[in-house]
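Colleague: I have a model open and would like to learn how to read it. Can we go through it feature by feature?

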Amino acid sequence: MRAIDHKVRSCNFGTPILFTPMFVEAHGARIPAIGLGTWELRGRACARIVEQALRLGYRHIDTAQVYENEREVGDGLRASGVRRDDVFVTTKIWTTHFAPNDLERSAKESLVRLRMPEVDLLLLHWPNPQVPLAETLGALAHAKRMGLARHIGVSNFTVALIEEAVKASPVPLVCDQVEYHPYLDQAKVRQACAANGMALVAYSPVAKGKIKNDPTLTRIGREHRKSPAQICLRWLVQQNVSAIPRTSRIERLSENIDIFDFELSGAEMDRIFALANAKGRLTDFGFAPKWD
Ligand code: 1BO
C-alpha cells in the first residue's frame, strides 16, 4: 500500500475548536470540504442558488454534462461577483463521450457552456465497460495536459475499478465521487481512495433528506445545537470527505455550510457509522457497476 498523501487542512477560528477541516487535499488538488451539488437543479433556479451559495461563502460547485445545467452554473458564478479563480468547479463527462476524440470534444463543449477556459476537476461520471478504461483515461489526461482541467478523477467507481484506473491513468486521479451518507457503508471505497492518495467526494450526503428525522442524528444534534443534516455533513468532513449537498432552498445553504464550529466525538462518529444498512443505496441504475 502506498503512503497516504490525502490530508485535511485545519484552521482554528479562535473558538474552542480543535479540528476544523476546510479542504480535502489530494495530488495537489485543494477541494473545499463543502460544496454545492447541482444534480436536478435547472434553469434560473439553478443559476440563482449557485449565485446565493457563492455569496454565502461556498467555494466549490459541482455540475455535470448530464445535469443539463452547466450554462446556469456558469451564469450563477459570474452573477455572484466571486472571482472565478476563488471557486473550485467540477464537471463530469457523460459515458457516451468516453471514446478519446469524443471526450476531448465534449470537454470543450462543457467549457463553452460554463464559459470558462478550464474547470478545476473533470470526472468520468460513471464507468463505461463499452470503452477500454485505459483509452478513456488517456484522453482524460490529455484534456488535463491541454489545460481544459486542472485535475482529473472518476465518479461511481468501485474498489476494483479504482485500482484499475489508478494503474491505467497517465496522471494521478484526485478523487472518486460516490454516494455516501450514514445509511450507506462506503468503508471499502474510502480505504481504496486513501490508499491511492485520492479524495472521496460524497454526493447525496444527507441521503436525499431521509436523515431529517433520524433519532440518532437528532439526539446528537441536540447536544451540539445542530440539525441532523449538519451532523451528517460534519461526520463526513471529519473523515476527510468532501461533501456536496444539493438544495434548491436558499435557507438550507447557510445551514449546510455552518458545520465548522463544533466537533463530533469518536463515540458519536461510531454511533453514526452504525446507521449503515444493506438498503442504504439511493442511486442505482441498470448501467451501474457491481457495487462493493
Ligand atoms: C446520474 C447522476 C448521478 C449523480 O451524479
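Colleague: Where does Thr95 lie?

Modeller: This is a predicted model. Thr95 sits in the loop that runs between strand S6 (88–93) and helix H3 (100–114).

Colleague: Is Thr95 buried or exposed?

Modeller: Buried means under 20% relative accessible area. Thr95 has 13% relative accessibility, so it counts as buried.

Colleague: What does Thr95 touch, leaving out residues up to four places away in sequence?

Modeller: Trp126, Pro127 and Asn128. There is also a polar contact of 3.5 Å between the side chains of Thr95 and Trp94.

Colleague: Trp126 interests me. Which residues surround the ligand?

Modeller: Trp126 is one of them; the others are Trp39, Tyr67, His125 and Phe285. The protein covers 95% of the 220 Å² of accessible area that the ligand has on its own. By class, the shell holds four nonpolar residues, one polar and no charged.

Colleague: Which side chains have a polar atom by an oxygen atom of the ligand?

Modeller: For polar contacts, look for N or O pairs within 3.5 Å. A polar side-chain atom of Tyr67 is 2.5 Å from a ligand oxygen. For His125, a side-chain N or O atom lies 2.7 Å from an oxygen of the ligand.

Colleague: What does Leu124 touch, not counting residues up to four places away in sequence?

Modeller: Among them are Ile93, Phe98, Leu103, Leu133 and Phe157.

Colleague: How many residues of H8 are buried?

Modeller: In an α-helix, residues three or four places apart point the same way, because there are 3.6 residues a turn. In H8, 10 of the 10 residues are buried, so the helix is largely enclosed by the rest of the structure. Gln230 and Arg234 are among the buried ones.

Colleague: Last, backbone angles. Which residue has a positive phi of about 55°?

Modeller: Arg225, although it is not a glycine. Arg225 lies in the loop between helix H7 (215–224) and H8. Its relative accessible area is 79%, so Arg225 is exposed. His27 also is not a glycine, and its phi is positive at about 45°. His27 lies in the loop between strand S2 (21–26) and strand S3 (29–32). At 24% relative accessibility, His27 counts as partly exposed.

Key
Residues are numbered from 1 along each chain as its sequence is written. This is a predicted model: local features need pLDDT of at least 70, side-chain atom pairs count only at pLDDT 80 or more; totals for chains, interfaces and linings use all residues. Side-chain values use heavy atoms; hydrogens and water are left out. A residue is near a molecule or strand if one of its heavy atoms lies within 4 Å of it. A polar contact is a pair of N or O atoms within 3.5 Å; within protein, one must be able to donate a hydrogen and the other to accept it, and residues adjacent in sequence count only if both atoms are side-chain atoms. Accessible areas come from the Shrake-Rupley method with a 1.4 Å probe; for residues, only the protein chains shown count as cover. Ala, Val, Leu, Ile, Met, Phe, Trp, Tyr, Cys and Pro count as nonpolar, Asp, Glu, Lys and Arg as charged, and the others, Gly among them, as polar. Contact means heavy atoms within 4.5 Å. Helices (H or I, at least four residues) and strands (E, at least two) are DSSP runs, numbered from the N terminus. Buried means under 20% relative accessible area, exposed over 50%, partly exposed in between (1.4 Å probe, protein chains only).
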